[in-house]
Amino acid sequence: PRSSSLTTSAASTTTATTTSSFTVGAGTRSNRPRAEPASSYNRGDLLEVPRTLFTHFGIYLGDDRVAHFLPDILPLLTSDQQLLCKVVTNTRLILGSVARRGTVRVDSVADFVYGAPQVLVNAADRLAHEPAGARRRASLPGEVAARRAESYSGDTVYSLLWNNCEHFATHCRYGDAWSEQTEEFCSFLKRCVRDKRSVFVGATLGLSLTFYCGASLLFAIITFVISLLIWMAG
């Protein structure tokens, strides 16, 4: 049977080495392998498509098909399969992210790549063997990974940070879900908080808006409290 939630794995694909829910691990994005030609794709391969601001992930199912999870507002608005099967536009992506709704869909490799100049194949395998987190494990057999991906269908909750395409793909291939992109973003925020200069910049900006733009005293107090909390947290 197919599941409409990304947190439940089909019984037919569950083995002693897999889990039925996403478990976020840790990792770093560095020294990525070079892109491989499409002819080298095998069923169950994890595909990465680097884009300008992020990297998109999917699981290759064979026969020029890729299962991937992405934000999409349209399933909330219609059940017309002819509309839903069309390539997801940027507008649908943005509105889906805002509404926190996404869908697991199967597209051709060309639609999945969407004009990107390269595709990385199983680049995260190296991370699965690194001792960065106790929950890391080797990749599952390709058939198991593909069946995991095929077991998901329909729309479900989407989160840019906590339940995105990378969580879906790593869950299918490794049994644990993690997102390097999320971890890198959180690390960036942590560095900003620890940087004392961000406190002074925030406080100065808040006071400037208060005195020169006529902002209320309450706004100034909130700005001061936030700056103080950042200072204490740093």
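**A tour of aromatic rings and pockets**

Select Y60 to begin: its relative accessibility is 11%, so it counts as buried, the cut-off being under 20%. Keep in mind that the model on screen is predicted.

The structure holds 5 aromatic pairs. Y41 and Y60 form one of them, an edge-to-face pair with 5.4 Å from centre to centre and 65° between the planes. Colour the chain by element to see what this pair links: Y41 sits in the segment before β1 (46–50), while Y60 belongs to strand β2 (residues 55–62). The two are 19 residues apart, and the pair links distant parts of the chain.

Next, select F69, Y152, Y158 and F168, which ring pairs link into a cluster.

Move on to the largest pocket, with a volume of about 900 Å³. The largest share, 5 residues, comes from α3. By class, the lining has 16 nonpolar, 8 polar and 6 charged residues.

Last stop: the second largest pocket, which holds about 400 Å³ of space. Select T103, V104, R105, S153 and G154, the closest to its centre among 21 lining residues. Then show β4, which gives the most to this lining, with 5 residues. Here the lining divides into 8 nonpolar, 6 polar and 7 charged residues.

Technical notes. Residues are numbered from 1 along each chain as its sequence is written. This is a predicted model: local features need pLDDT of at least 70, side-chain atom pairs count only at pLDDT 80 or more; totals for chains, interfaces and linings use all residues. Side-chain values use heavy atoms; hydrogens and water are left out. Rings of Phe, Tyr and Trp (its six-membered ring) pair if their centres lie within 6.5 Å; planes under 30 degrees apart count as stacked, over 60 as edge-to-face and the rest as tilted. Helices (H or I, at least four residues) and strands (E, at least two) are DSSP runs, numbered from the N terminus. Buried means under 20% relative accessible area, exposed over 50%, partly exposed in between (1.4 Å probe, protein chains only). On a 1 Å grid over the protein atoms alone, a cavity is a set of points where a 1.4 Å probe fits but cannot get out, and a pocket is an open set with protein on both sides within 12 Å along at least five of seven lines; lining residues have an atom within 4 Å of a point. Grid points are joined across faces, edges and corners, and a volume is the space filled by probe spheres set on the points. Ala, Val, Leu, Ile, Met, Phe, Trp, Tyr, Cys and Pro count as nonpolar, Asp, Glu, Lys and Arg as charged, and the others, Gly among them, as polar.
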